[in-house]
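Welcome, and thanks for taking a look at this one. Here is a short tour of how two kinds of contact are arranged, with the model in view.

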Amino acid sequence: MKYKVFLIFGAPGSGKGTLGRIIGNIPGFYHMACGDVFRGLDVSSELGQNFLRYSSKGELVPDGITIDLWKQHMEKMGGLGRYKPDIDHLVLDGIPRNVHQAEMLRDELDVKKIFYLTVGDMEVLIERMKRRALKDNRLDDANEEVIRQRLEIYEEESKEVLSFYGPKLSVPIDAKQYPYEVLRDVLLAIRT
């Protein structure tokens with residue numbers, strides 16, 4: 001069985017996690033943020049050390065590790081009854097991050113729509129991420145050089161995911177709006 005999926009897509013700092021957490025609280029939806037799963041790893045474990053090694057430099061964790069971790073997490077959440085694939089829509093952010101990951105997940109994801117959060121100004125994204133680093137103690141957002149590296153990787157690799165799924169699934173959402181306005185636009189798009 002394929003997962004029924006809504007992808008939240010956008011540059012780091014565009015509000016994917018905020019939006020995903022809100023939607024994930026609505027019955028019938030389950031939010032999974034790949035970055036949160038990685039940041040929740042025990043840093044003394046081998047996987048936790050691997051994550052820190054990549055994230056501290058603004059690099060992406062290799063695709064194989066990412067997909068394996070995602071699969072383990074989804075099985076665990078299904079086993080605990082937090083996610084019910086037969087009735088829940090899965091709301092993903094941070095995965096797939098590139099075309100290779102999208103290809104690796106082709107047989108598992110039935111993507112219904114992609115909510116593409118657009119900001120348009122890199123400096124706005126950088127300021128958002130710096131505030132997030134202070135507020136949420138996010139080490140991967142504390143260094144401006146690392147932030148710029150992450151934004152560069154997004155431009156080079158991640159944006160191609162939109163092309164992989166095609167323009168019919170992509171719904172552009174202005175992420176410069178207030179969060180409740182972003183949520184409104186997404187919920188209206190889910191209805192159609």
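Helix H1 passes helix H9 in a right-handed crossing. Please keep in mind that this is a predicted model. From that helix pair, the briefing moves on to the aromatic rings.

**Helix H1 against helix H9**
- The contact is made by Leu 19, Ile 22 and Ile 23 on the H1 side, and by Val 182, Leu 183 and Val 186 on the H9 side.
- Sorted by class, the contact of H1 with H9 has six nonpolar residues, no polar and no charged ones.
- H1 spans residues 16-24 and H9 residues 179-191; their axes come within 10 Å and cross at roughly 60 degrees.

**Aromatic pairs**
- The count comes to nine aromatic pairs.
- Tyr 3 and Trp 70 form an edge-to-face pair, 5.6 Å centre to centre with 85 degrees between the planes.
- Tyr 3 sits in strand S1 (residues 3-10) and Trp 70 in helix H4 (residues 63-80), so this pair ties together parts that are 67 residues apart in sequence.
- Both Tyr 3 and Trp 70 are buried.
- Phe 6 and Phe 29 form a tilted pair, with 6.2 Å between centres and 35 degrees between planes.
- Phe 6 in strand S1 and Phe 29 in strand S2 (residues 29-33) are 23 residues apart, and their pair links distant parts of the chain.
- Phe 6 and Phe 29 are buried as well.

**Aromatic cluster**
- Tyr 3, Tyr 30, Trp 70 and Tyr 83 form one aromatic cluster.

Notes: Residues numbered from 1 in each chain as written. Predicted model: local features only at pLDDT ≥ 70, side-chain atom pairs only at ≥ 80, totals over all residues. Heavy atoms only, no water. Phe/Tyr/Trp six-rings, centres within 6.5 Å; stacked < 30°, edge-to-face > 60°. Helix = DSSP H or I, 4+ residues; strand = E, 2+ residues; numbered from the N terminus. Buried < 20%, exposed > 50% of the residue type's maximum accessible area, 1.4 Å probe, protein only. Axes fitted to C-alpha atoms, helices over the stretch in contact; angles between N-to-C directions. Left-handed = near helix turned anticlockwise from the far one by under 90°. Contact = heavy atoms within 4.5 Å. Nonpolar A, V, L, I, M, F, W, Y, C, P; charged D, E, K, R; others polar.
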